[in-house]
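Please look through the structure shown here slowly, and keep it in view while reading the paragraphs that follow.

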Amino acid sequence: MVERVVLALNAVNEAHEGAAFQTDEREELCGYIDRSLSEHGVDVVALTARHGLGRYRLTDKWRKW
């Protein structure tokens with residue numbers, strides 16, 4: 001689900017030639033995704049560790065734009 005959200009946000013940003021979101025807005029959205037997962041019982045640290053990923057890798061594909 002997170003991947004679909006991140007890819008959809010990337011698509012919106014690409015449709016606007018990389019100018020749909022400012023860096024701080026992307027950071028806020030990534031934080032919101034992380035908090036939402038945690039609030040719904042997902043242990044993000046454990047989830048990413050099980051897949052050999054760092055804590056913020058779930059949203060890194062989008063965070064770096």
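**Charges, helices and core**

The chain carries 9 positive and 11 negative side chains, and the centres of these two sets are 7 Å apart. In this count Lys and Arg are positive and Asp and Glu are negative, while His and the chain ends are not counted; each charge is placed at NZ of Lys, CZ of Arg, CG of Asp or CD of Glu. The model is a predicted one, in which local features need pLDDT of at least 70 and side-chain atom pairs count only at pLDDT 80 or more, whereas totals for chains, interfaces and linings use all residues. Residues are numbered from 1 along each chain as its sequence is written, and side-chain values use heavy atoms, with hydrogens and water left out.

Turning to the overall layout, the chain has four helices and zero strands, and from the N terminus on its elements run α-α-α-α. Helices (H or I, at least four residues) and strands (E, at least two) are DSSP runs, numbered from the N terminus. The C-alpha trace spans about 35 × 20 × 20 Å along its principal axes. The chain exposes about 4,600 Å², of which carbon and sulfur atoms supply 56%; such areas come from the Shrake-Rupley method with a 1.4 Å probe, and for residues only the protein chains shown count as cover. Of the 65 residues, 29% count as buried, where buried means under 20% relative accessible area, exposed means over 50%, and partly exposed lies in between (1.4 Å probe, protein chains only). Among contacts (heavy atoms within 4.5 Å) between residues at least 6 apart in sequence, 54% join residues at least 24 apart.

Helix α2 covers residues 23-39, and because its 17 residues should span 24 Å at 1.5 Å a residue, the 24 Å between its end C-alpha atoms agrees with expectation; the expected span is 1.5 Å times one less than the number of residues. The buried residues of α2 are R26, C30, G31, I33, D34, S36 and L37. E25 is also found in α2, but with 37% relative accessibility E25 counts as partly exposed. After α2 comes G41, whose phi is positive, near 90°, and the C-alpha atoms of E25 and G41, 16 residues apart in sequence, are 25 Å apart in space.

Which residues make up the largest nonpolar core? This core consists of five residues, V2, V6, I33, L37 and V44, and the elements that give two or more residues to it are α1 (2-15) and α2. A nonpolar core is a set of buried Ala, Val, Leu, Ile, Met, Phe, Trp, Tyr and Cys residues joined through side-chain atoms within 4.5 Å. Leaving aside residues up to four places away in sequence, L37 touches V2, V42, V44 and L58.

The loop between α1 and α2 holds H16 and E17. H16 is partly exposed at 49% relative accessibility, whereas E17, at 77%, counts as exposed. Most residues other than glycine have a negative phi, but phi of E17 is near 55°, a positive value.

Finally, Y56 is found in the loop between α3 (44-50) and α4 (60-63), where Y56 is partly exposed, with a relative accessible area of 45%. Y56 and A20 are 36 residues apart in sequence, and their C-alpha atoms are 22 Å apart in space.
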